[in-house]
Amino acid sequence: MVSQAWEWLIAGCVLAGTFFTFVGAIGLNRFRDTFQRLHAPTKASTLGIGMLLIASMIAAWQEGRPGFAELLITLFVFLTAPVSASLLAQAAIRRRCKGGPPASAAPETPQQTEREGL
């Protein structure tokens with residue numbers, strides 16, 4: 001049996017998690033280039049998923065379960081999200097996606113080409 005105060009706490013965590021996940025989805029949709037799009041989901045969605053899993057752990061604890069599965073999911077998300085974002089950013093840099101650092105090997109203007117003797 002979950003008391004009224006715990007229900008409000010769980011509802012607040014679910015609402016906060018939903019808000020952060022929604023903000024991450026909006027950022028993914030609105031930002032222009034690859035690197036900006038990487039930022040919104042990794043930050044906001046990780047926080048949103050974290051809040052949802054905290055709500056799930058509180059609900060499990062109130063029902064008498066330890067919430068071990070939710071804790072493992074939280075650890076997995078917090079460990080894999082930065083690694084996957086880093087790998088996506090490295091792939092975008094190698095493919096020279098829009099918004100990435102400029103390629104240092106390619107001259108940008110004809111004047112640069114003449115100065116460098118290319």
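The model is predicted, so local features were required to have pLDDT of at least 70 and side-chain atom pairs pLDDT 80 or more, whereas totals for chains, interfaces and linings use all residues. Residues are numbered from 1 along each chain as its sequence is written, and side-chain values use heavy atoms, with hydrogens and water left out.

Two salt bridges were identified, a salt bridge being a side-chain nitrogen of Lys or Arg within 4 Å of a carboxyl oxygen of Asp or Glu. In one of them, the closest N and O atoms of Glu63 and Arg65 are 3.9 Å apart. Arg65 also forms a salt bridge with Glu70, at 4.0 Å from N to O. By relative accessible area (buried under 20%, exposed over 50%, partly exposed in between; 1.4 Å probe, protein chains only), Glu63 is exposed at 56%, Arg65 is partly exposed at 43% and Glu70 is buried at 10%.

Two aromatic pairs are present. Rings of Phe, Tyr and Trp (its six-membered ring) pair if their centres lie within 6.5 Å, and planes under 30 degrees apart count as stacked, over 60 as edge-to-face and the rest as tilted. Trp6 and Trp61 form an edge-to-face pair, with 5.3 Å between centres and 70° between planes. This pair links distant parts of the chain, 55 residues apart: Trp6 lies in helix H1 (residues 4-30) and Trp61 in helix H2 (residues 34-62), helices being DSSP runs of H or I with at least four residues, numbered from the N terminus. Trp6 is partly exposed at 30%, whereas Trp61 is exposed at 51%. The rings of Phe19 and Phe20 are also edge-to-face, because their planes stand at 65°, with centres 5.5 Å apart.

Conventions: Helices (H or I, at least four residues) and strands (E, at least two) are DSSP runs, numbered from the N terminus.
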